[in-house]
Every structure is written in C-alpha cells, then in structure tokens.
Amino acid sequence: NIFSMKYLLFSLFLVPLTTTAQTKSDYEQAMAKFQRFYNAGQGDSINTMFKYDASFLWTNGKADSYVKKFGTLKSYKFIGIDRTDPNKVWVFKTVFSKAGTKTTSLTLNKNNQLENFRFMTESEGITELLRKDKSKK
C-alpha cells in the first residue's frame, strides 16, 4: 500500500541522519578525556582532540598554568544544549578546585573531534540552562 511505501522511504531517509548524530555519551567521553588531559597539564594531548591544529590555544605550559590558576577539573555534568548559540553547543557545568563552578561548552564533528570548545563560557542561553538545572534538584 502507498502509506507503507511512504513510511519506508521516510524511515530510510532518517537512517543517515541518526547514524551521524553525536550522543550525550559521545560528549561525556570527550569531557572525560579533556578532564584527564587538563588535570595532567597535557596541552599537547588536548590538541589531538581538535579537528584542527589548536596548538596556539593549548600547550603543556598553558594547560599547566590554567591548572595552577583555576585548579583541577573536579567534576562536570551535562546540563543541556544552548540552542540560542549559532553552533548549538553542548553545555557542561564544570567544577574546578580553585575557580569553583563554571561552564564549558563544545561541539563535536562526526569523528568525535572538537569543533567548538569554550573552556569557560557564559551566555544568556547558558544562564537559562543553569537555572533549569537548579530547579531539578
């Protein structure tokens, strides 16, 4: 019947879209990797996470100085996607041993490489996500 055929075609159209989309788990794995490299002061290893050369952002010396200034990254928690951001960044509430609670946002490409990465960031959209996260408790 024609309805079944349309449904099948529509479903086949969605398959490529769903297989390339990144999951919450992909983003949490990226944050875990970043946390491990950051806390060890391994800027060169953080660079390997990007789809482009980020050596101008992360060196071992810079990573080490950030750890001294902000402290170790103690924890992170996914709080949502900032849909007000043109890049639709995934936002994590991050807790540093010296700097306290901050937010980090990122996007991943289909190979789970960092495309956008904002170490400590703020926006109206992120403030709203933080407000919603507090109301869940």
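Modeller: A residue is called buried under 20% relative accessible area, exposed over 50%, and partly exposed in between. Please bear in mind that this is a predicted model.

Biologist: Is Tyr-52 buried, partly exposed or exposed?

Modeller: Tyr-52 lies in the loop between helix H3 (43-47) and H4. The relative accessible area of Tyr-52 is 32%. Because that value falls between the limits of 20% and 50%, Tyr-52 is partly exposed.

Biologist: Which residues make a nonpolar surface patch with Tyr-52?

Modeller: The patch has an area of about 280 Å². Besides Tyr-52, its members are Phe-56 and Leu-57.

Biologist: What pattern of helices and strands does the chain follow along the sequence?

Modeller: The chain contains five helices and four strands. Read along the sequence, they follow the pattern α-α-α-α-β-β-β-β-α.

Biologist: Which element gives the most residues to the largest nonpolar core?

Modeller: This core has 25 residues, and those with the most contacts inside it are Phe-34, Tyr-38, Trp-58, Leu-106, Phe-117 and Phe-119. Elements giving two or more residues to the core include helix H4 (60-70) and strand S3 (100-108). With six residues, the element that gives the most is H2.

Biologist: How many residues form the second, separate core?

Modeller: Ile-79, Val-89, Ile-126 and Leu-129 are among the members of this second core.

Biologist: Is Ala-63 buried or exposed?

Modeller: Ala-63 lies in helix H4, and it touches Tyr-38, Gly-41, Gln-42, Gly-43 and Trp-58, not counting residues up to four places away in sequence. Its relative accessibility is 0%. Since the limit for burial is under 20%, Ala-63 counts as buried.

Biologist: What distance separates the C-alpha atoms of Ala-63 and Phe-37?

Modeller: Along the chain, Ala-63 and Phe-37 are 26 residues apart. In the model, their C-alpha atoms are separated by 8.7 Å.

Biologist: What share of the 137 residues in the chain is buried?

Modeller: The accessible surface of the chain comes to about 8500 Å², of which 56% belongs to carbon and sulfur atoms. The share made up by buried residues is 37%.

Technical notes. Residues numbered from 1 in each chain as written. Predicted model: local features only at pLDDT ≥ 70, side-chain atom pairs only at ≥ 80, totals over all residues. Heavy atoms only, no water. Core = buried A, V, L, I, M, F, W, Y, C linked by side-chain atoms within 4.5 Å. Buried < 20%, exposed > 50% of the residue type's maximum accessible area, 1.4 Å probe, protein only. Patch = residues over 30% accessible without salt bridge, like charges linked within 9 Å, V, L, I, M, F, W, Y side chains within 5 Å. Areas by Shrake-Rupley, 256 points an atom, 1.4 Å probe, with all protein chains shown as cover. Salt bridge = Lys/Arg side-chain N within 4 Å of Asp/Glu carboxyl O. Contact = heavy atoms within 4.5 Å.
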